[in-house]
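Visitor: I would like to learn how to read a few features of a protein model. Please take me through them one at a time.

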Amino acid sequence: MQKHYHGHRQRLRERLADAPEKLADYEVLELLLGHVILRRDTKPMAKELLERFGSLRGVLQARREEYQDIPGIGDGATGFFALMREVLARYAEGPARTRQILCSPETVAAMARERLGKLQHEEVWLAYVDGSNRLIVWEKAAKGTVDSASVFPRDIMERALALKAKGFIIVHNHPGGDPTPSGADVELTRRLIQAAEPLRIRFVDHVVVTEDSHYSLKNDGIF
């Protein structure tokens, strides 16, 4: 005997094919959950997740432990959300991954925010570029705690030389939501400039991102 939610799920799929923009957020989430929770009505879970986290973005960006007390959300669903986060991060990094020119702090922040903006700890990422600011490599340099992540100028210079990069952009996140650089951020910027100059490697910018904002130390005239 077919469960009642099977017919409901099929009707949602038909609406998705016909006019996806008309689906409510909880209906979109229902369909997502239906890919990993096959034998259960996912509407109550979708509504509870949205009530708990406020939005689809909030649901997908929640930490694994925050899902634990929601009935029906097990390892399959949390793993699926992790996969969705990675898809969204790589989508946002699309311009960089196709070696487009990183021409502004806004471009860099848009690339980094999906991956870093919601994190509850700091991470430092480096974008190494050629002479035209075209990306060579975008990679994580350090993972830290709630309010710090350590990187060493010598390691960054060695990596830049190995890649034959002409410049680099350092990016890190502030979990507290305020992108204003700390004294340590400014000091690191100065040390990196000093290390890069004799090697004729351009220090392009230091960009701090949060979930919905960013700060460019270059634009603010700090260096």
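Visitor: How many positive and negative side chains does the chain have, and how far apart do the centres of the two sets lie?
Guide: Lys and Arg count as positive, Asp and Glu as negative; His and the chain ends are not counted. Each charge is placed at NZ of Lys, CZ of Arg, CG of Asp or CD of Glu. Here there are 33 positive and 32 negative side chains, and the two centres lie 6 Å apart.

Visitor: What kind of model is this, and what are the ground rules?
Guide: The model is predicted: local features need pLDDT of at least 70, side-chain atom pairs count only at pLDDT 80 or more, and totals for chains, interfaces and linings use all residues. Residues are numbered from 1 along each chain as its sequence is written, and side-chain values use heavy atoms, with hydrogens and water left out.

Visitor: Which pattern does the chain follow along the sequence?
Guide: Helices (H or I, at least four residues) and strands (E, at least two) are DSSP runs, numbered from the N terminus. This chain has nine helices and five strands. The order is α-α-α-α-α-α-α-β-β-α-β-α-β-β. The C-alpha trace spans about 75 × 30 × 30 Å along its principal axes.

Visitor: How many of the residues count as buried?
Guide: Buried means under 20% relative accessible area, exposed over 50%, partly exposed in between (1.4 Å probe, protein chains only). Of the 223 residues, 43% count as buried.

Visitor: How should I read an aromatic pair?
Guide: Two numbers describe a pair of aromatic rings: the distance of the centres and the angle of the planes. Rings of Phe, Tyr and Trp (its six-membered ring) pair if their centres lie within 6.5 Å; planes under 30 degrees apart are stacked, over 60 edge-to-face, the rest tilted. The structure holds five such pairs. In one of them, the rings of Phe53 and Tyr67 have centres 5.8 Å apart and planes at 75 degrees, so this pair is edge-to-face. Phe53 is in helix H3 (residues 43-53), while Tyr67 is in the loop between helix H4 (56-61) and helix H5 (75-92), 14 residues apart. Both Phe53 and Tyr67 are buried.

Visitor: What is the geometry of the pair formed by Tyr128 and Phe168?
Guide: Tilted, with 6.4 Å centre to centre and 45 degrees between the planes. Tyr128 lies in strand E1 (residues 123-129) and Phe168 in strand E3 (residues 167-173), so the pair ties together parts 40 residues apart in sequence. Tyr128 and Phe168 are both buried.

Visitor: Where is Ala127 found?
Guide: In strand E1. At 0% relative accessibility, Ala127 counts as buried. Contact means heavy atoms within 4.5 Å. Beyond its neighbours within four places in sequence, Ala127 has contacts including Leu102, Trp138 and Phe168. Ala127 and Ile169 are 42 residues apart in sequence, yet 5.0 Å apart in space, C-alpha to C-alpha.

Visitor: And how do I read a backbone phi?
Guide: Most residues other than glycine have a negative phi. Lys164 has a positive phi of about 60 degrees, although it is not a glycine. Lys164 lies in the loop between helix H8 (153-163) and E3. Its 67% relative accessibility makes Lys164 exposed.

Visitor: Where is the place of Arg200?
Guide: In the loop between helix H9 (183-196) and strand E4 (202-209). Arg200 also has a positive phi of about 60 degrees. At 77% relative accessibility, Arg200 counts as exposed.
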